[in-house]
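I opened my notebook to record what I looked up in this structure. My entries follow the order in which I checked things.

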Amino acid sequence: MRTLHRLVGALALALALVVPLVGAPAAHAIGGTVVTSTTITAPGGCALPLSVAWGDRLANLAVHPRVVFGAADRQRLYERAIDPTTKPFFGNYVSWGNSVLSTSLPSYSTGSLASVSSTAIGHIQALGFRFMGYESVGLPNYPRTDVEAVQDAMAERIKQEIFALASFPEWNQNVHFMETSGIALAVSMGYSLIHDRLTPSERTTIVTALVSKALAPATCLWQQNHRWVYSVDNWAVITNASMIATALAVADEEPLLAAAALAAAQPRMNRALKVLSSDGGSPEGPSYVAFQGNYATFALASLWNSLPEGDRTIQTVPAAARWSAAIYGPTGQPFNFADSDTALGKELLPVWNAFRGGDRLGSWLANRRMADGQGALFYLLWYTSGGVNPSTALGRTPLFPRTGVVTLRNGYGSGDSWIAVKGGSNAGGHSHRELGSYVLDMRGVRWVSDYGKDDYALYKYFVEKTRETYFRANNESASTVGVAGRIQPSAASAPIATPWVDSAGVARTWLDMHQAVGVSAARRNVAVSSSGSVSVGDTVRSNGSVTLRWMIHTQASVGIAADGRSALLSRRDASGTLRQVRLSISGTRGLLRQASAPATRDLYGHYGYSNAGFTRVYLSAATGVPPGSTQGTAAITATYTVVR
């Protein structure tokens with residue numbers, strides 16, 4: 001009965017805003033929004049159930065700003081600006097905010113709006129940081145007479161940014177809702193920041209854009225459980241997180257729609273986040289883990305700033321820091337498998353977990369990134385001191401079984417050895433055919449590299465039959481072993497054995513590679529000694545004889561010995577010091593060869609990303625069939641040792 005009274009009360013409040021007409025139907029329009037006794041429909045959208053539960057929560061809605069940035073951040077920024085630990089980082093972010101003032105405003109173009117959305121989010125963050133930092137308290141070490149002028153300048157540019165975006169004829173909502181989501185997040189964040197500086201008419205303009213170009217289309221996606229909002233990959237996290245932020249932005253003006261949108265977005269986002277919750281990673285690769293983790297954090301921060309304990313309604317990802325700490329090698333580069341790249345290092349979710357949940361590994365990660373000059377702007381807001389070193393929290397052999405990644409190392413120093421190996425499954429939207437592939441760091445240098453993603457504009461890049469023909473997406477670009485000329489099946493998997501450290505101090509694991517290679521049995525053994533030498537050994541058994549192709553890919557200079565059984569890899573570290581590692585081959589006979597990586601070109605002559613600078617080091621070896629047997633066998637072991 002209490003629930004019914006609440007629903008009737010909410011409806012009565014909404015219906016009081018319209019003049020009832022004699023003979024009118026049961027549904028009523030509120031600024032174009034249609035409300036019935038059980039549903040709400042935004043103009044151009046689809047009906048959503050009214051949500052009493054979220055309506056009750058919104059009764060305690062905080063004032064603006066509340067989307068990503070919150071009112072309490074003003075004082076927190078002041079405290080960070082005088083804290084000796086965080087104070088040195090403020091100059092860079094002040095400069096970043098200033099630099100946005102001289103850039104062009106967002107401009108509309110047909111086609112993709114991906115770059116527009118990502119740039120807009122970055123601009124609003126930078127401008128918001130300066131705006132919030134000067135709001136009320138001002139930042140130390142800057143003239144107090146500057147406060148009003150700087151605040152006005154930042155607010156005016158935020159206004160220009162969001163009105164430019166709002167004026168777009170569309171946000172690609174009917175073609176690529178990911179782009180819509182990014183623009184909606186930027187506009188919602190900016191609107192919330194300067195809400196109190198806008199006139200009622202200006203607020204109406206922004207709210208109308210957010211509803212018509214984001215929330216209304218989202219209602220139809222939710223109603224249909226469309227893949228954009230109901231997948232179990234990065235799409236559903238990003239889209240629903242953005243709609244949560246958007247709903248909170250317009251909740252003053254559209255409380256019933258905001259409540260219904262939150263009720264639709266929150267469970268769908270949680271469903272997708274469960275993919276990350278078990279081990280913190282994803283087969284889509286670390287770029288997409290960071291991508292969806294950052295959007296999840298934007299939603300968490302918005303809910304936390306808006307509602308009492310609002311962020312507790314979102315699925316936690318307790319392993320976020322564990323993943324982030326393990327997936328980076330001593331070079332500071334991640335294992336960029338699948339459609340990923342190495343331009344990472346600013347994941348927000350581990351830092352948020354440290355801020356809100358006391359994750360000590362997340363605290364360590366934030367401290368380390370800031371010390372390396374890699375911290376994101378929001379690290380300054382959510383920074384927590386202290387932390388626990390990953391050598392204690394992770395040990396030498398962290399495994400991510402759901403993602404299908406294992407990393408082994410002999411330590412966490414900048415010159416230590418680290419290898420990351422891809423097992424698990426080849427299936428997944430951004431996955432590559434790369435089971436058994438690995439990257440290797442030793443002495444502060446990456447010796448075995450991954451190409452990462454290719455150009456998404458390649459013809460049918462995400463159509464599996466076409467995608468498998470592209471060099472970077474198949475095992476021809478993977479540092480693995482296989483039958484010559486054979487592409488790994490998309491359905492193949494390579495389970496990873498639970499890693500261990502043996503009595504001699506060697507960190508070990510192995511992968512079952514028989515599906516990937518397409519033979520009766522295949523095993524890849526991986527080991528890192530306490531002194532830092534690394535070995536990768538393959539044993540293969542086939543029905544009859546097959547020709548195996550063993551291969552690595554490196555950005556080092558390669559000098560193959562005269563006997564073809566070893567190679568000297570040379571490359572400079574970050575300081576410019578020349579480092580060298582020797583690759584030695586033992587087991588089945590085969591001579592090392594080297595070749596440049598090929599260029600990728602699609603059906604229409606469009607070239608993919610350049611593979612210049614990569615060298616393929618490979619050998620071919622046949623599985624030998626003993627007399628009287630039908631089984632062929634082969635063994636190949638690669639050992640990496642430091643020369644200098």
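**Aromatic pairs and strands**

I began with Y470, which counts as buried at 4% relative accessibility. Y461 is buried too, with a relative accessible area of 1%.

I noted that this is a predicted model. The average pLDDT is 91, and 93% of the residues score at least 70. Residues 1-30 have a pLDDT below 50. Where pLDDT is low, the coordinates should not be read in detail.

Next I searched the whole structure for aromatic pairs and got 24. I looked up F69 and F378: their ring centres are 5.2 Å apart and their planes are at 50 degrees, so the pair is tilted. F69 lies in the loop between α2 and α3, and F378 in the loop between α15 and α16, so the pair ties together parts 309 residues apart in sequence. F69 is buried at 0% relative accessibility. F378 is buried at 0% as well.

I then went back to Y461 and Y470. Their ring centres are 6.2 Å apart and their planes are at 20 degrees, so this pair is stacked.

I also found one aromatic cluster, with F69, F378, W304 and W352 among its members.

Which ring does the charged end of R409 sit over? I found the ring of Y412, with the charged end 3.9 Å from its centre.

L569 has V581 in β20 as its bridge partner. I also saw β9 and β10 form a hairpin with two residues between them.

Methods:
Residues numbered from 1 in each chain as written. Predicted model: local features only at pLDDT ≥ 70, side-chain atom pairs only at ≥ 80, totals over all residues. Heavy atoms only, no water. Pairing = 2+ DSSP bridges. Helix = DSSP H or I, 4+ residues; strand = E, 2+ residues; numbered from the N terminus. pLDDT = per-residue confidence, 0-100. Contact = heavy atoms within 4.5 Å. Phe/Tyr/Trp six-rings, centres within 6.5 Å; stacked < 30°, edge-to-face > 60°. Buried < 20%, exposed > 50% of the residue type's maximum accessible area, 1.4 Å probe, protein only. Lys NZ or Arg CZ within 6 Å of the ring centre and 35° of its normal.
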